[in-house]
Amino acid sequence: MSMNRRDFLKIAGISTIAGIGGTALAGALKKGALVAPQTAPNTDALTGKRWGMAIDMSKLKSDESIKRITKACHRIHNVPDFSNTKDEVKWIWTETFEHSFPGQEHKFMPEDMKHKPFLLLCNHCDNPACVKVCPTKATFKRKDGIVMQDMHRCIGCRFCMAACPFGARSFNYKDPRLAKNLQEHMNPEFPTRTIGVVEKCTFCYERLVKGLKPACAEESNGALVFGDLDDPASEIRKILASKHTIRRKPELGTEPNIYYIIGGNDYAVVPEIR
Amino acid sequence: MKIYNGGKILIGLIVFAALFASPFYLNRGKATAKPELKIDTPEIQKLEDKKCVEPKEFMRAEHMQILNNWRDAVVRNGDRNQIIISGQKYDKSLQNGCMKCHSNKKDFCDKCHNYVAVKPYCWDCHIAPKEKKS
Ligand code: SF4
Ligand code: SF4
Ligand code: SF4
C-alpha cells in the first residue's frame, strides 16, 4: 500500500484524537461507576473548626483516676504495651511538671506540684512541626484542626518524631500484635498498627464522627474538657476565659491546643478564688 | 568439535532445565479449580435484600479501588457518610463495613487472593472478624 505524507498525517491525527478521547471517556465512565448509588449524610458527628482540650489538674486527684484515663485510650485504640521504655508506644501519658513545662519550674513551688503526674498527649498544634517535615503527607492537618496520622502512607522515616517538640509520637519497633496486652484483648472495631510506622493520639476522630467525646475526656469526670476553640460559646472557651491556663512550650511557636489549669487552690489560703 | 568439560556442562544443562521447568511439571494436573466464594454467612442470610454496595461483577473487578476511595474519603477527608442500599446503611470501612457481612475471610477474601497469589497487607493492621462457618 502506498500512502502520501498528507494521508499519513491525517490518519495519525485521527488516531491520536481517538486515543486521547477514548481514554478520557473510559476514565469518565469508570469514575462515574465508582460513585456509590446513594449516601446518607452523617448527622451524628461532632463538628468543629479547631478542636482543643483543657486539662484541669486540680480535678485529677489520684493515680488511679489518671491510669483509668490512659488505659481507656490505649485499650480502645489497640496501643501495644511492651513494658519497656525502648519499645514503648504511647498516645497519652504522664510526666512531671519540670519535664512537661521546662523552664517554668522553680525551687519554691509547691512540693507536690513537682511530683504530680501531668497528663500529656498530642497538642494538635495549629502550626504542627510534624506535618511540615513529613515527606509523604502521612501526617496532615485536617480542617477541624486534628493532626491526623494516615497509617497507610507512613514509611516510618521518623522525621516527625524528631520534629515534634512534645514527644507525642511513638515508633513501632516491634510488631504491635506481639504485645501481650493485644494478644489478650483487641478492640475489633479499631485497627492495630504494623511494625515500622509512627503513631500518636488522633483526638478520637473515630468517636467524634459518632457524636462521642474523646475517650480520655469521657473517662475523666470532667477534668478533661474537649471542645471547639473557634466557638466562643463553647465550654472550653468559657474555661479559658475564666481561669489561668498554660500550654507546653508555647515559645516554640507550634501553637499547641491543649491547655492546662495548674490549680493550686488546694494549697492557697485565699478563700474565694474563682 | 570438542567441548571442554562437555560432560559436566551437559549435566549442568540438564539440571538447569529440570529446575527451570519444575513449576510446570510439579503443578501438572493440580490445576486448581476456579475459587468458589461463599456468600452465605449468617449476617448475609439475615439481609432482606442481599445486595452489596455495587453489583457483583463490579465488586469482583474493582473492590480494591473502592476500598482505596473509601480510605481517602474517611482518613484524609473525614467523610463518614454512609452508603444506603435498599434502606440498609453501611459504613465506608473494611473492618466495620465489608467484614460485618462477609464474616468469613477465609472463604471469601483469602480464597481468591490465594488463587491469584496476591498478598494484600490490609490484615497487617485491620482486624479480621472471628471466622464464622458459612
Ligand atoms: S504535639 Fe507534636 S505530634 Fe502533635 S501536632 Fe504538635 S508537633 Fe505534631
Ligand atoms: S514517620 Fe511516617 S508520619 Fe512520620 S514523617 Fe515519616 S512518613 Fe511522615
Ligand atoms: S483524644 Fe482520644 S486518642 Fe487522644 S489521648 Fe484522648 S482518648 Fe487517646
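Predicted model: local features only at pLDDT ≥ 70, side-chain atom pairs only at ≥ 80, totals over all residues.
Modeller: A residue is called buried under 20% relative accessible area, exposed over 50% and partly exposed in between (1.4 Å probe, protein chains only). Residues are numbered from 1 along each chain as its sequence is written, and chains are lettered from A and ligands numbered from 1 in the order in which they are written.

Colleague: Is B:A117 buried or exposed?

Modeller: B:A117 is not a glycine, yet it has a positive phi of about 55°. It lies in the loop between α5 (109-115) and α6 (122-125) of chain B; helices (H or I, at least four residues) and strands (E, at least two) are DSSP runs, numbered from the N terminus. Because its relative accessibility is 65%, B:A117 counts as exposed.

Colleague: Is A:C204 buried or exposed?

Modeller: A:C204 is another non-glycine residue, with a positive phi of about 55°. Its place is in the loop of chain A between β8 (198-199) and α8 (205-208). Since the relative accessible area of A:C204 is 6%, the residue is buried.

Colleague: How many charged residues does the shell around ligand 3 have?

Modeller: The residues surrounding ligand 3 (a heavy atom within 4 Å) include A:C204, together with its chain neighbours A:C201, A:T202 and A:F203. By class, the shell holds 10 nonpolar residues and two polar ones, and the number of charged residues is none.

Colleague: How many residues around ligand 2 are charged?

Modeller: Ligand 2 is surrounded by 13 residues, the closest of which are A:C134, A:C154, A:C157, A:R158 and A:C160. Ala, Val, Leu, Ile, Met, Phe, Trp, Tyr, Cys and Pro count as nonpolar, Asp, Glu, Lys and Arg as charged, and the others, Gly among them, as polar. On that scheme the shell around ligand 2 divides into nine nonpolar residues, three polar and, as charged, one.

Colleague: What distance separates the C-alpha atoms of A:P110 and A:A138?

Modeller: A:P110 sits in the loop between α3 (97-100) and α4 (111-115) of chain A. At 38% relative accessibility, A:P110 counts as partly exposed. A:P110 and A:A138 are 28 residues apart along the chain, and their C-alpha atoms are separated by 42 Å.

Colleague: Over which residues of chain A is the pLDDT below 50?

Modeller: The average pLDDT of chain A is 89, and 89% of the residues score at least 70. One stretch has five contacts (heavy atoms within 4.5 Å) beyond near neighbours in sequence, and its pLDDT is below 50: residues 265-271.

Notes. Heavy atoms only, no water. pLDDT = per-residue confidence, 0-100.
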